[in-house]
Amino acid sequence: MSVLAWDDVRYVVKTKDADGNNTGSKEILRGTSGRSSSGRVLAVLGPSGCGKTTLLNALSGRLRAKRGDEIHGRVTYDGASLNRSGTSAALSYVEQEPKFFSNLTVRETLTLDARLRGKSDDDVDELVMSTLKKMSLMSCADTVVGGDTGGKAVAGISGGERRRLAIASETLGLGTDARGLVVLVDEPTSGLDAFQADKMVEKLVDIAERETACVVCTLHQPRSASFSKVHDLLLLASGGRVAYLGPSEEVVEYFKSIGHVCPDHFNPAEFVIDLVSIDVDDGDGDERIEARSHERVEGIVAAWKRHERKTKIASREKMETLIATPSTKAVARKNRCGPMRQFRLLAGRAWRQARREMWVNGVRMMASIGLAAAFGGCNFQVGLGPRSVKRRVAVLMQACINTSMLALVKSLNGFPRERATVRREMSRESGGYSPGPYFLSKLLIETPIDMVFPVVFGGVMAPMVGLNKAGRKMFLTTLALQSAAASSLGLCISALSPNSEVALAIGPCVMVLNIMLGDTSGAFTEVPDSLAPLSKLSLIRHAFEGVLCSEFEGLVFSKEDTDAKSKQIAKTAKGVKKMARKFQDGIAPRTGEDVLEGLGLPTRGHATKAAKSQVGVTVMNIAVTYAALVCKKGK
Ligand SMILES: Nc1ncnc2c1ncn2[C@@H]1O[C@H](COP(=O)(O)OP(=O)(O)OP(=O)(O)O)[C@@H](O)[C@H]1O
């Protein structure tokens, strides 16, 4: 038998008021100790806010101390520190609200997990099938999981099925591992009806017994039938103080021995939770009720300390014996596949996810065509007269901004939500994957799809406006590259931001700065000399220069404007004369090269250079995103 033990786990956080001022500190766990044995389920029970989830996070090594917080204590498995590499146990953590890729079916999700754990193709089908059966997921095996992974929210499996899938996904195939298995499950029954909750507890007991795993789960108000199924119980009072730790069947007897008798036909779980709960004075003036419940809880905690002290010598001897026994399972084995295989598997998932989001892509396509029609309609056939220069420049700038904004918002909106799922998977000790294969597969699948929309937008708009046909190919290429550059900026901001709200707040501001620094030609704004070096980082600048050059190179202007608006102006003799004079005096440009010269841009081959700069900015953003993913892996 193996033992998961934790000793004197303390967690103190700095507290702040609503205005962010320090108000002191709060001791969430005040030295919690306990143990759980392999092949058994330990249920952590206690009133709301007593620290059950915090304890589970501490056991899994997920508790992250912010500045000023304190974490102490030791968690061991068979005497070796649990959260160090080379421990003799695989650790699986099942979150309260598990997140998955929404468009994959239950079977596909488990198949990918099995493959990421390095199972051979021959074993995968059998393993997935047996897991589906064991976790009662056969009826929904081919239903999409659902939820929201960044595209649109998808209807999928029920809450209970989702929880069972999470447990299956985290423990898949680990029973065949040479190491021990620790499964930590946070609130597996919350939100389920009593029958489903009972079934869930049965599954946990089954995993513990079949896989000889240490299963530790937090439970909310289990009904008597569920309570009788778990092997051991850890009852916590406020501050994570232990009120009982031992076999669940002995809890009633123990409390009887300290003067708290469970009435007949009463759910023992409810009885013990009530005993350690504080009856808060609800303002009816009877403060004695609250004082009495405080007194009762303090008495129970003190009684447990005395009881523990009495039994300590015996239990310590037992523990030392266990630690001294060399574990037959103490063979650390890396349970994952190589980066190339990870890449292939994750690219397959990214493609499936994207393919099944065709509805969203259809909407994006309609929006691109609609916007192009609006742009084209407002600037219909600008002609080749002197006035068309200004209109061309304006339309090109608008196209760059529109393309950038759409791509930026898409990645700001989607990536942080996808990261929540990916973070869970990456941090898995077994069957996890590295940021590199994930990120590369995402880029290779999604970027080409994202580039289609600006090409459609430009392809519809350009002939409507009457843009230069000779430069059309380069114009569309620049817009496509711009979409990739803006999307990479969105990924970068999302990866550096702590959450999607921060990313969505910062993203548009960064884009506005890009726009401000993007017009070095002075067509719309002047960039001060001091900020000129920064403008090299502006993705709008490179796109704008690219589309200007592709548009104006080789263009020859006519003497007169032929569009309706210009004809209207030309009706006045004064207007006609003014325009003709400008053209003769050489003030109005005669060729596109004149325009480019006037804007301070090279007259030949600059569009290709600008495209290279766009690629440079994109690569830089991707590199920063990758570095952030590596640094924040598992956080
Ligand atoms: N970072 C934090 N800063 C301040 N207080 C915190 C922090 N994390 C947790 N708490 C507080 O610590 C207490 C324990 O939280 P925890 O989520 O572990 O309780 P719980 O027993 O799981 O509750 P529930 O059963 O309601 O889910 C709560 O009062 C919570 O508000």
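V215 touches V41, L42, V183, V185, L204, I207 and A208, leaving aside residues up to four places away in sequence. The model is predicted. Its complex has an ipTM of 0.96 and a pTM of 0.78 from the predictor.

**Open sheet**
- The sheet is open and has 4 strands, in the order β2-β1-β4-β5. Pairing is antiparallel.
- β2 and β5 (80-81) are the edge strands, each pairing on one side only.
- Strand β1 covers residues 3-16, and strand β2 covers residues 22-37. The two run antiparallel and are joined by 12 bridges.
- V3 stands opposite S37 in β2. K16 has N22 in β2 as its bridge partner.
- β1 and β2 make a hairpin, with 5 residues between them. In the turn, G20 has a positive phi of about 85°.
- In a regular strand, side chains alternate between the two faces of the sheet.

**Ligand shell**
- V13, T15, K26 and I28 are among the residues that surround the ligand. The shell also includes G46, S48, G49, C50 and G51. K52, T53 and T54 complete the list.
- By type, the shell holds 3 nonpolar, 7 polar and 2 charged residues.
- β1, β2 and α1 (52-60) each supply at least two residues of the shell.
- The largest share, 3 residues, comes from α1.

**Confidence**
- The protein chain has a mean pLDDT of 85. In it, 88% of residues reach 70 or more.
- Helix α14, residues 472-496, has the highest confidence in the chain, at 96.
- Helix α18, residues 573-584, has the lowest, at a mean of 57.
- Over residues 316-334, pLDDT is below 50. This stretch has 23 contacts in the model beyond near neighbours in sequence.
- Where pLDDT is low, the predicted coordinates should not be read in detail.

Notes
Residues are numbered from 1 along each chain as its sequence is written. This is a predicted model: local features need pLDDT of at least 70, side-chain atom pairs count only at pLDDT 80 or more; totals for chains, interfaces and linings use all residues. Two strands pair if DSSP finds at least two bridges between them. A residue is near a molecule or strand if its C-beta atom, placed from the backbone, lies within 6 Å of it. Ala, Val, Leu, Ile, Met, Phe, Trp, Tyr, Cys and Pro count as nonpolar, Asp, Glu, Lys and Arg as charged, and the others, Gly among them, as polar. Two residues are in contact if their C-beta atoms, placed from the backbone, lie within 7 Å. pLDDT is the predictor's confidence in each residue, from 0 to 100.
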